[in-house]
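Welcome! Take a moment to look over the sequence and the structure, and then we can walk through some of the places where parts meet.

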Amino acid sequence: MYQIVSKKVLNPTVTMMEISAPLVARKAEAGQFIILRVDEDGERIPLTVAGCNREKGTVRIIFQIVGATTEALNHKEAGEYIQDFVGPLGKPTEVEGLKKVCIVGGGVGCAIALPIAEKLHAMGCEVHSIIGFRSKDLLILEDEFKAASTKLTVMTDDGSYGRHGNVTLPLKEMLEAGETFDEVITIGPLIMMKFVVATTRPFGIKTTVSMNPIMIDGTGMCGGCRLTVGGVTKFACVDGPDFDGFEVDFDEAMARGTMYRDFERHAYEETCNLFKKEVQ
Amino acid sequence: MAANMSLTKNPMPSQEPEVRAHNFSEVALGYDEATALDEAARCLGCKAMPCVSGCPVNIHIPEFIAKVKECDFEGAYQVIAQASSLPAVCGRVCPQESQCEALCVRGKKGDPVGIGRLERFVADWHNDHATEAPVRPAPNGHKVAVVGSGPSGLTCAGDLAKKGYAVTVFEALHLAGGVLVYGIPEFRLPKAIVQKEVDTLKALGVDIQTNVVVGKTITIDELFEDGYEAVFVGSGAGLPNFMGIPGESLKGVYSANEFLTRSNLMKAYKDDSATPIWKGGKVVVVGGGNVAMDAARTALRLGAEVSIVYRRSMEELPARREEVEHAQEEGIEFKLLNNPVRILGYQNPDDPRDPKNGCVTAVECIRMELGEPDEKGRRRPVEIPGSEFVMDTDVVIIAIGTSPNPLIKNTTAGLEVNRRGGIIVQEETGATSKPGVYAGGDAVTGAATVILAMGAGKTAAKAIDEALSK
């Protein structure tokens, strides 16, 4: 069992938790992920590490409530326990030698982008961050990004905060104005990453994407997380989760992501009803 | 008692095929006492004991059967337990027909003695009747780490614990048992039995740490720093192989590992499970091994109409004969001498957001014929040009084997592996190229059987004991 040391609601759909998991905290690096189960007989879900405190032995996770498991997790409070927590899995994001990087985060993906920005910033790299949200009330981690970036641009889809529009808008403007980067690192919804890649491709700027497909064991055993990268089958859990964005087959990844959509929607509704009943 | 000279083995009582095809309860029900005694009486107790040399863990077979004849079932169990850490498991999943029973003298004329069925009877009798906890041996002051809690790891851990070693088993998943819990289905090996065997090891003092991925959470070098004096690697053959044909990433295509893990470990076969799995419709399983049979029979029980596509003929099918017969009885169709060339999917030309887009609709296969024997002596399948045909299906399960998981190799300096990624060991000891590190099971051999993995765990335990007690 793994204790929830702290819990903070970042916005109505996104929660941050610190979990006591000393073995994971000792090793976890930006870009890696963990797998957790909330309770016995629960499903295993992968979540990318949003930071860790090696002294305290805690790992920070930030998750969006999108289904039954994240709903159940969100009902746990600080001091309570979750069943399983294993990691760190996957390879850390490669940052060595980078001098100037653009970080593009979307929605809850910003939670994963932040430790990468922080790591780059700490090693003296120039970090331009673009973070995007649907609207102002979904905005998270603005101050943290400000502290870790040379320059920060906040975008909202509806214009309720920051600049109005998609994250690709300022990225395209910068690139067209002649700005160059050693690398663009993007983390967010598949469709956003697909368009970030479409934006950087004409400029030939290396673009790394962080993939988060359906997986079970996270150690290369089930093959459920497979992706086509450069025409070759790769397993996100052991070969990734970071890949060269120019090589990833996003359309296939998006289709595979919907494999259990009906089941997931049904399970989510059931879980919500269950919690509602408990409240009544 | 006079020897029973019947030429036929007592048949295994089983659930009727039409009944078991719709449930996940165990297929084989086991001998009762009278049947066990009758079968035991078929053993001639030969002095040469050819059966023992066919057993990868050298169970003293005539000796345990003699105890059965005397109705001393606990005594029989103790004989088996001296050699095997997992008797109830082996009695169920061992390929006895090609091991101990293949060498039984009675098999020269008629059926061999039902050694596996007797082993299962004895182990189940013990599990139902034994009340005494296993005696915990006095600690000998040495610490050993075991990586993986599958058959090789559990065997190695059990043998060392019995000698007084402080053994810690590190398991990547949330539950101990390895392939016994994620791979082999409930109807062939009930999980309660695996749990009982694991509990027996815990009672012997074995510490099992789940949720630890060696190579990620902790490395082998760090285990030595933490005071472990030897490490046994039984991490299994992780990575599922795919065919490399178009369409393998369509929705509805599973590796057998994923399909079985969803159903077994994650309990998707239960109605209230939190884990989704595609049920019903038509399912095509590609491959002819035991894992293919397990996947096919699982899909059948989940409500599907199931075909097995295999590129050679019935004679070369690598699965145990009994599993193939069970599958046939349950109504699984064998489409032999066929090989998939691509998997076809749905795409709505008018609606790119149609949820059915990217779902499997069919498998295109080509007919095969058998040509010259290959290096292993199996006749090589050759395509018959122009014989392609299409089979409609909703799900494709690929069960064509696995490759050793690279996590440990990639994080352990000095650990040599072969061309296929299997860890290289000295056969007599299980010792690897790295001092203090031993390995066995599928991590060494690639996908093989439970009992061979157990044999390797046993060999390594003996070698570790010899090295550390010097």
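How many Å separate the centres of domain 1 of chain B and domain 2 of chain B, taken over C-alpha atoms? In this predicted model, the separation of those two centres is 26 Å. The domain assignment of chain B places domain 1 at 17-129, domain 2 at 143-238 + 403-468 and domain 3 at 242-400.

Now look at where domain 1 of chain B touches domain 2 of chain B: 18 residues of domain 1 and 24 residues of domain 2 take part in the contact. On the domain 1 side, helix H6 (residues 87-93) of chain B gives the most, with five residues.

Next comes the contact between the chains, which takes 35 residues from chain A and 31 residues from chain B. On the chain A side, at least two residues each come from several elements, including helix H1 (22-27), helix H8 (250-257) and helix H9 (261-279). The largest share of that side, six residues, belongs to strand E7(A).

Here is the make-up of two of these sides by class:

Finally, find helix H12 (residues 256-263) of chain B, which is mostly covered, with eight of its eight residues buried. Among them are B:Phe259, B:Leu260 and B:Arg262. The cover over the buried residues of H12(B) includes helix H9 (179-182), helix H13 (290-301) and strand E14 (395-398) of chain B.

Technical notes: Residues are numbered from 1 along each chain as its sequence is written. Chains are lettered from A and ligands numbered from 1 in the order in which they are written. This is a predicted model: local features need pLDDT of at least 70, side-chain atom pairs count only at pLDDT 80 or more; totals for chains, interfaces and linings use all residues. A residue is buried if 20 or more other C-beta atoms lie within 10 Å of its own, exposed if 12 or fewer, and partly exposed in between; C-beta atoms are placed from the backbone. Helices (H or I, at least four residues) and strands (E, at least two) are DSSP runs, numbered from the N terminus. Two residues are in contact if their C-beta atoms, placed from the backbone, lie within 7 Å. Domain bounds come from an automatic or database domain assignment.
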